[in-house]
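Thanks for making the time this morning.

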Amino acid sequence: MSVTERNPLVHGSNLEQKENHRKKYRDAESKKYLQEIRVQYNIWHLANIQLVGPTSIPTDNDDAIINQRVELLSTYKDFLDQQHYAEKFDSRSNLHSSVLEEFLYYLFRDLAKDFGKNALIGKSHTFKDIFFVPPKYAEMLKRPYARIEKKDHDFVIGATIEASFEAVTPPEEEENPGEMLTLLKEEPENYSEVTIIGNTETHIFDIPVIVIECKTYLDKTMLEGSSRAAEDLKARNPNSLYIVLMEWIKLTSDVNLRKYKVDQIYVLRQQKNTDREFRYEDTYVKNQINPTVVQHLFQKVRKHLIRDWTGGIEYGIKRGWLIEE
């Protein structure tokens, strides 16, 4: 699957799946609710498509554009968060959780576009690790039997990589090491599958540079899981950023945030989590999503994408400190 063929509108796709499901959501109430949500979703989607920016070039209008996108998100989210919709489409349906993922696409779409049509943006099943599992030593001499372990991420900006692995004769035994072999080439039909031609395996996989994990709320167990995922990511791609984004936070003050490997944690509503049933009580005050938090998120991502990543020990020795800040 090419980058351009992927559908980054994950919330719209979730809604469409419910509308067309052959067995579920066929009752009159579900159909009525889905029609109501569809009308509001189309308004939200169209307004975001018509709004352009921010891009890779900072302008004085960036914060105003982000504020408009946050206002559009808040309007749609407040509509969707109504109690009767929340009870009809629970968390397992991903209808509510997918809104943030699609919002991130609108927020970063024009920034990623500045890097060319091959820029990867949206939900992705990305590279996590590689290992080799030949059935026996004799087979290992014919081809590598590489396997790519992958991990789902809610939102990434990155690149799609094609890599070929080939079993070769050890250099000291080659009679003519300068000879170039002509290899047959065949595009895999599916980016997640491997193509094998002769002794050559070709794999296509996504490498994330920015990973943003979206949550309704974050507790300590979730933070520990995010930290392990961030550590795995940075071990294979040290130029990556791992960010966690949520509406509410469910952490106490006795959590040492410094020991976790994530690069930043954003709480959109700047509010502690409350059980969902209590959010519908008349006395509950739900904070609005703060555009200043989203501005900070955007600027952090843009700064990372446009800066020079050249580094290493030789560069560090010149300035006296090895790890760039």
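Predicted model: local features only at pLDDT ≥ 70, side-chain atom pairs only at ≥ 80, totals over all residues.

As a reminder of the background, side chains of opposite charge can pair when their charged atoms come close.

Let me begin with the pair formed by Asp-27 and Lys-88, whose closest N and O atoms lie 3.3 Å apart. This pair connects distant parts of the chain, since Asp-27 sits in the loop between α1 (10-20) and α2 (28-50) while Lys-88 belongs to helix α4 (residues 83-88), a separation of 61 residues. How accessible are the two partners, Asp-27 and Lys-88? Asp-27 has a relative accessibility of 34% and therefore counts as partly exposed, and Lys-88, with a relative accessible area of 28%, is likewise partly exposed.

Now please turn to Asp-81, which forms a salt bridge with Lys-77, and here the closest N and O atoms are 3.0 Å apart. Are these two residues, Asp-81 and Lys-77, buried or exposed? Both Asp-81 and Lys-77 are buried. They also take part in a network of salt bridges, in which Lys-77 and Asp-81 are linked with Asp-78, Glu-247, Arg-269 and Lys-286.

The last pair I want to show is Glu-213 with Lys-215, a salt bridge in which the closest N and O atoms come to 2.9 Å. Glu-213 has a relative accessible area of 14%, and because buried means under 20%, this residue counts as buried.

Methods: Residues numbered from 1 in each chain as written. Heavy atoms only, no water. Salt bridge = Lys/Arg side-chain N within 4 Å of Asp/Glu carboxyl O. Helix = DSSP H or I, 4+ residues; strand = E, 2+ residues; numbered from the N terminus. Buried < 20%, exposed > 50% of the residue type's maximum accessible area, 1.4 Å probe, protein only.
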